[in-house]
Amino acid sequence: MLLSSRSELRTLLIFAAVVLMMPIWLLPLGAAYPDLLQKFAIFGIFVIGYNLFFGLTGYLSFGHATFLGVGSYAAVWCFKLLTVNVLPAIVFGILVSGFFAAVIGFICLRRSGIYFSILTLALAQMCYSLAYSVLTPITNGETSLQMEAHDARLLDSWIAPHVGDGLPITHLFGIPMSGYPGFYFCAVILIISFWFSIRIFNSPFGLQLRAIKSNQERMQYSGYNTRIYLFSAFLISGMYAGLAGSLMAAIDPLAGAERMQWTASGEVVLMTILGGVGTLIGPMLGVGVIKYFENIFSSYNHDALLESFSFLPQPLAEALTFVVSPFVGEGWHLTLGILFMLVVIFLPGGIMEGVDRIRARFSRHKQPQQTEQTT
Amino acid sequence: MSDSASIIFNIDNVNKTFGGLQALSNVNLAVEEGQTRAIIGPNGAGKSTLLNVCVGRIAPDTGVVRFRGQSLTGRTPHDINQLGVARVFQTPEIFPDLSLLQNVMISAFSKRDGAFRFSPLKALKAERQLYEESMHYLEDLDIAEHAEQLAANLSRGDKRRLELAMCLVQHPRLLLLDEPTAGMSRHDTNRTIEILKKIKERGMTKIIIEHDMHVVFSLADRISVLAQGAIIAEGLPEEVRNNEKVQEAYLGGGQHD
Amino acid sequence: MKKQQYTRRELLKGGGAMAGALAMPSFFVRDAWAAEFRNNPTKSGKVVFGFNVPQTGAYADEGADELRAYKLAIKHINGEGDGGMINTMKPLSLKGNGVNGQKVSFVTGDTQTKADAARASAKRMIEKDGVIMFSGGSSSGVAIAVQSLAQEMGVVFMCGLTHSNDTTGKDKRRYGFRHFFNTHMSGAALGPVLEQMGNDRRAYHLTADYTWGWSQEGSIKDVSEGLGWDTVSAVRTPLGAGDFSQYITPVLDSGADVLILNHYGKDMVNSLTQAVQFGLRDKQVNGRPFEIVVPLYSRLMAQGAGKNIKGIYGTTNWNWSLKDEGSQAFVKSFGQEYGFPPSQAAHTCYVQAVLYANACQEVGTFYPPEVIKQLEGFKFDGMGNGPTEYRADDHQCFKDVLVVRGNENPTSQFDLLEVVEVVPRKQVEYKASIFGGELGPYEV
Amino acid sequence: MDAFILQLLNGLDKGGAYALIALGLTLVFGTLGVVNFAHGALFMLGAFCAVTLQKILTLSQKVKDESITFFDAYKEQPYLEIWFGETGTTIIEWSVPLSLLLAVPVMLTIGLAMERGLIQFFYKRTHAQQILVTFGLAIVVQEIIKSFYGANPIPMPAPPLLSGTAPIGEFLGIGDVVAYPWWRLIYLLFSFLIIGAVFLFLKYTTYGMVVRAGMQDRATVELLGINVERRFTIVFGIAAVVAGLAGVMYTPIVPPDYHMGMDFLVLSFVVVVVGGMGSLPGAVLAGFMLGILQSFASTNEVKNIFPGIDQIIIYLVAMIVLLTRPRGLLGKKGMMES
């Protein structure tokens with residue numbers, strides 16, 4: 001379907017409003033605090049990028065967390081060596097992860113299907129293993145790469161030397177990148193990233209990528225050099241991951257190897273599939289659900305539950321707490337596992353399919369209305 | 001044989017074996033510009049193999065395939081297409097997850113932009129000219145009313161016509177058709193014949209592999225007959241029709257079916 | 001571009017202004033920035049401690065035990081239950097009515113034993129739940145990552161289980177305190193035991209290939225080579241290898257007669273089980289029995305390795321079988337509450353929570369710089385490890401270290417480790433300067 | 001020389017373990033085409049069959065330790081020992097081998113239930129959906145096991161008779177350095193047996209032949225009036241049993257915990273793909289190849305030249321194999337390439 005640019009603009013505006021208003025509408029859900037909001041935005045960027053590759057081309061990469069980690073490392077090194085202004089760090093992070101994506105993409109895209117997946121997995125695991133141990137001089141291994149008081153920070157010390165004995169903090173021309181300002185910064189970049197992804201979805205390039213997913217052989221016989229298309233998409237999505245990684249470092253200047261482990265790559269795959277592969281909004285819904293579970297569900301302990309049911313009569317509240325408590329706190333993995341199964345069994349297209357179904361049901365009664373629910 | 005100056009496509013001494021089975025033996029073929037060449041032969045004669053060799057899907061063991069004097073050996077499928085060779089497959093190769101219009105537009109893009117063009121920010125809908133051209137071909141093939149539908153939902157006959165539209169929109173210099181009317185109703189077949197005749201008027205060279213003799217004799221300027229991997233006859237339609245070897249091969253083939 | 005001169009406080013204000021400029025509803029700003037220091041309980045009306053422990057992953061059981069101890073500590077601080085070690089701690093300021101007149105509540109979170117997850121969870125506690133102090137953890141990678149966050153956010157972090165030298169060495173922070181001992185102290189404490197094995201031994205190290213492992217290997221090497229031992233080889237093994245047999249087979253052929261397993265947790269369980277399976281514990285080399293040493297023991301490991309730990313030496317921060325008054329009081333209240341004895345992780349976490357509360361009570365405020373100054377150089381007794389001091393220079397606790405051995409004849413299912421020697425504090429002390437690092441400022 | 005023999009033995013030993021784990025996966029993934037992220041969970045469930053049996057056999061009479069007053073500490077004596085004396089002790093000591101008998105019916109039931117209840121609806125779904133649903137299932141199974149047995153590893157000793165080392169060096173007359181644990185040798189033998197049995201089953205029984213034919217061309221076999229679906233169910237059941245038995249036998253080597261399946265998941269997929277999709281011999285070959293290479297890459301001599309090589313060798317080899325042989329070692333064309 002060809003989107004008119006007016007509807008494109010409308011989608012973007014609604015998206016921007018929803019994202020920027022997150023501190024308000026997430027308040028009743030207990031998720032309106034800077035760190036989680038930042039994570040929503042950053043992982044949003046990560047999955048948008050991942051979805052541009054996986055969603056459009058159908059190539060299942062199992063190593064995208066590598067680019068996230070590399071972006072973080074590059075950004076932290078930029079803070080250490082050059083300046084704690086986040087802008088150069090982000091650019092540097094994108095470039096370095098772009099380089100990694102180019103190399104890994106060049107190698108892995110020689111194969112397709114499961115062979116491609118395993119190649120990306122293998123390369124990613126090598127990067128992770130080395131970062132955790134042998135490359136400790138560069139990555140600081142287990143204890144994560146952090147800024148230190150005696151770092152060079154050449155640009156900063158040239159312009160205005162750091163005073164005081166604390167660590168300088170990351171900023172954007174004086175605006176600190178922690179707390180809400182950090183969130184708004186990430187949110188703005190998320191909106192720009194989303195805009196770019198809409199454009200790609202609606203561009204000839206996006207169509208060509210989807211055609212590769214649909215029938216790569218026909219693409220070749222129609223005169224396309226599909227490998228360059230795949231490579232470009234891989235590169236773009238690797239750079240998105242690098243952007244997300246460097247933003248992670250920008251709001252919280254620390255980079256650890258765990259960010260690159262296969263489980264981290266698996267997480268972005270799960271987020272994308274859970275939300276809805278190849279849809280614009282779906283993967284971000286996946287981010288919302290998984291990050292919400294990880295941060296909020298895991299924090300409910302017995303007492304907290306009892307308190308939140310306190311509006312009920314005591315025996316009922318206790319009974320409810322007894323029933324619910326295996327699924328929260330230390331049981332949040334269990335709930336997530338059940339959710340994965342339920343979603344994929346009943347909504348093969350992910351959460352987005354559910355949203356579409358609900359929307360279809362409503363629109364039967366009244367005029368179709370854009371009710372984008374995003375995180 | 002005609003004057004070699006107007007030969008656009010030729011196959012020289014091509015051999016191909018699959019695990020001891022001689023699929024093609026010493027095949028020679030020369031097609032003049034603007035000509036419609038039919039290749040016929042019984043099942044298993046090597047027709048599809050020959051076509052696959054033509055588009056670079058299968059590399060020949062020996063011999064050369066030349067298009068406008070350039071060897072196609074070792075070229076990738078997309079390269080061959082960019083030279084101006086398009087192909088309709090025996091089982092329709094389309095993009096099932098895209099709309100008909102998108103299917104055709106994709107082909108049109110490749111004609112206009114080459115094997116790769118990075119255009120992530122341009123809106124699809126801004127491509128008015130390509131859009132209209134693509135719609136035009138859909139109309140030409142009577143499937144314009146499905147333009148916004150997913151290609152996967154088409155009938156088999158319509159899929160073939162879609163594929164034909166995808167090839168035609170590229171204005172190829174050489175069009176290879178592998179049984180373009182298989183599975184079509186009589187009415188659709190006639191319609192396809194009409195369309196192909198119209199293309200002929202535009203001077204497009206075609207190689208058709210076909211079972212349906214009605215189609216072959218309606219369209220072909222010359223016919224080559226392939227049996228057991230070798231060309232056993234070649235000539236004008238009437239010549240071939242009366243050729244004893246051909247009749248024998250067909251009857252023989254028929255018995256084995 | 002003179003932004004480098006901003007102090008944290010100015011930036012916090014700037015952040016507030018920024019948030020205001022972006023038309024933030026004022027209620028977001030108030031809690032975070034209007035206070036004189038972050039999460040000031042006097043303003044918010046609640047004293048909240050955050051307990052950030054592994055609830056999923058390999059250390060989930062250890063995390064669960066830490067959480068039990070924290071809950072007990074909160075009870076005791078608030079004057080509920082039997083008071084536990086608050087009855088034995090000297091000097092004591094806590095009155096059994098909470099801290100500074102306010103009852104203490106707590107929130108929990110899951111570190112997943114991952115730096116990123118632990119920081120996310122800690123940030124949630126600080127930003128959303130308004131904790132004034134947080135504590136916990138089961139690995140050094142997490143402790144160090146979270147400790148630097150504590151410094152950035154200006155919220156005190158009382159480390160849980162972390163054994164790497166770096167926590168109070170290279171990566172020490174003003175806002176982080178460690179009660180647990182470290183690899184250097186383990187090495188020093190094991191010295192006499194190693195000496196008993198002879199002074200011409202040949203040691204073979206298997207070392208977890210990350211910072212903690214290297215630091216443990218270095219500490220043992222310092223001691224053993226000081227005794228005149230020969231280090232045959234020190235092999236780095238990947239984290240979570242599962243099967244370590246490919247690293248154990250070369251030991252058989254190396255001529256070594258002592259195997260030192262610088263592994264922790266599941267890696268330790270596996271490598272020890274496999275070393276015993278390869279017959280190393282019963283082996284004789286050069287006419288002497290082959291010895292296996294596990295520098296750091298924990299209950300998780302002792303349970304997981306089962307009978308394989310019998311006769312194997314190592315060190316531990318604390319053990320429930322200790323007979324001093326403080327330990328007995330703690331084991332009693334923990335045992336009565338939960339029906340089994342506490343682990344060393346539980347002990348250290350309990351002590352950390354009580355120590356922090358006590359310091360706040362002593363200075364009469366929650367203002368972190370004051371509390372930190374009170375904890376620095378704080379000397380106390382009656383918490384299970386004899387006279388103890390929180391050294392001001394690096395925030396490392398100094399106390400006696402236990403050398404233990406896997407029990408040959410356990411009298412009960414809990415009787416896994418027997419205390420061989422209580423190595424006095426003097427023997428494990430070292431100069432703070434040897435590890436470098438900077439604590440950073442009080443005011444952030 | 002001794003070192004070489006030891007590393008080679010170790011490589012075979014590891015290879016046996018890898019091959020055995022990959023074997024079940026290749027039946028499901030390489031042939032039925034289902035990306036089963038819950039395969040590791042099946043391996044783990046097998047191990048916990050052994051744990052459960054051990055728990056049952058060691059149900060104990062508890063004698064309170066009176067010296068401890070704050071909580072109940074017991075010295076435990078299993079009822080089996082009290083009732084049957086020496087015989088009881090022996091039964092407890094042999095609990096791991098005995099668990100094999102338990103694991104077969106249990107794992108078969110689990111496998112069949114899983115296939116009928118869930119997997120059968122996913123044959124035609126995309127790989128992405130298969131991944132999500134099986135990963136979800138794996139998490140759920142894991143968490144259930146965790147809630148029963150905790151997160152700690154559980155010691156599972158091999159029978160004393162089999163827990164010493166075999167003095168192989170002495171057998172060969174090359175000194176006493178080369179010794180290898182009996183249990184690991186048994187594991188190697190066991191993996192050969194299981195692999196052989198599965199091969200024979202698929203190759204020489206009509207049942208197996210139909211399955212193999214069904215994998216290659218399901219439609220045609222169905223045209224012959226054969227119920228391919230039911231056979232696929234059985235294949236899934238066999239895969240579950242193979243994974244479970246591998247899990248049981250692995251417990252004395254690595255004390256089992258709820259997460260052990262996840263730890264093997266990536267590795268088993270790598271082995272299957274390196275071996276080549278749809279190829280059982282390929283998976284076995286890849287298992288042994290990776291095991292031996294890993295064992296030799298872990299020696300000091302190699303590590304001194306390439307630091308950290310032992311941590312990446314498996315992935316490095318996987319990469320090289322896939323780049324030089326597009327379909328793995330013995331893979332078939334067209335399997336799972338799109």
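**Group meeting: a walk through the four chains**

Okay, let's start with one residue, Asn26(B), which has 14 C-beta neighbours inside 10 Å and therefore counts as partly exposed. Before I go on, please keep in mind that this is a predicted model. Back to Asn26(B): you'll find this residue in strand β2 of chain B, which covers residues 21-32. As background, most residues other than glycine have a negative phi, and most peptide bonds are trans.

Arg153(A) is not a glycine either, yet its phi is positive, at about 45°. Where does Arg153(A) lie? Look at the loop between β1 (145-146) and α8 (154-159) of chain A.

Lys90(C) and Pro91(C) are joined by a cis peptide bond, with omega at about -10°. Pro91(C) has its place in the loop that runs between α4 (60-77) and β2 (104-110) of chain C.

Now let's zoom out and ask how the chains meet. Which chains share the most contacts? That would be A and C, out of 4 pairs of chains in contact. Chain B does not touch chain C, and the nearest C-alpha atoms of those two are 30 Å apart. Chain B doesn't touch chain D either; there the nearest C-alpha atoms are 14 Å apart.

Chains C and D do meet: 41 residues of chain D are in contact with 40 residues of chain C. On the chain D side, the elements giving two or more residues are α1 (2-31), β2 (74-78), α13 (280-297) and α15 (309-324). Helix α1(D) provides the largest share of that side, 7 residues. If you sort the chain D side by class, you get 18 nonpolar, 14 polar and 9 charged residues.

Staying in chain D, here are two helix pairs worth a look. In the first, α2 (residues 39-57) and α6 (residues 127-149) of chain D have axes that come within 9 Å and cross at roughly 20°. Angles under 35 degrees count as roughly parallel, which is why α2(D) and α6(D) are described as roughly parallel to each other. The way α2(D) passes α6(D) is a left-handed crossing. From α2(D), the contact uses Gly40(D), Ala41(D), Met44(D), Leu45(D), Phe48(D) and Val51(D). From α6(D), you have Leu137(D), Ala138(D), Val141(D), Gln142(D), Ile145(D) and Tyr149(D). By class, that contact between α2(D) and α6(D) has 10 nonpolar and 2 polar residues, with no charged ones.

The second pair is α5 (residues 95-117) and α11 (residues 228-250) of chain D. Their axes are 7 Å apart, and the helices pack at an angle of about 145°. The α5(D) and α11(D) crossing is right-handed. Here the contact has 15 nonpolar, 5 polar and 2 charged residues.

Next up, the inside. The largest nonpolar core has 458 residues, and those touching the most other members are Phe46(A), Ile118(A), Ala244(A), Val155(C), Tyr350(C), Val354(C) and Val270(D). Which helix gives the most to this core? It's α11 of chain A, residues 226-251, with 16 residues. Take Val270(D) from that list: apart from its neighbours within four places in sequence, its contacts are Ile118(A), Ala122(A), Ile314(D) and Ala318(D).

Leu123(A) is in helix α6 (residues 113-132) of chain A, and it counts as buried because it has 23 C-beta neighbours inside 10 Å. Setting aside neighbours within four places in sequence, Leu123(A) is in contact with Gly63(A), Ile104(A), Ile107(A), Cys108(A) and, over in chain D, Met319(D). From C-alpha to C-alpha, Leu123(A) and Ile107(A) are 9.4 Å apart in space, and they are 16 residues apart in sequence.

Then there's Arg357(A), in helix α17 (residues 351-365) of chain A. With 12 C-beta neighbours inside 10 Å, Arg357(A) counts as exposed. Leu347(A) is 10 residues away from Arg357(A) in sequence and 9.6 Å away in space, C-alpha to C-alpha.

That's my tour, thanks!

Terms used:
Residues are numbered from 1 along each chain as its sequence is written. Chains are lettered from A and ligands numbered from 1 in the order in which they are written. This is a predicted model: local features need pLDDT of at least 70, side-chain atom pairs count only at pLDDT 80 or more; totals for chains, interfaces and linings use all residues. Axes are lines fitted to C-alpha atoms, for helices over the stretch in contact, and angles run from 0 to 180 degrees between N-to-C directions. Helices (H or I, at least four residues) and strands (E, at least two) are DSSP runs, numbered from the N terminus. Angles under 35 degrees count as roughly parallel, over 145 as roughly antiparallel, 65 to 115 as roughly perpendicular and the rest as oblique. A crossing is left-handed if the near helix is turned anticlockwise from the far one by less than a right angle, and right-handed if clockwise. Two residues are in contact if their C-beta atoms, placed from the backbone, lie within 7 Å. Ala, Val, Leu, Ile, Met, Phe, Trp, Tyr, Cys and Pro count as nonpolar, Asp, Glu, Lys and Arg as charged, and the others, Gly among them, as polar. A nonpolar core is a set of buried Ala, Val, Leu, Ile, Met, Phe, Trp, Tyr and Cys residues joined through C-beta atoms within 7 Å. A residue is buried if 20 or more other C-beta atoms lie within 10 Å of its own, exposed if 12 or fewer, and partly exposed in between; C-beta atoms are placed from the backbone.
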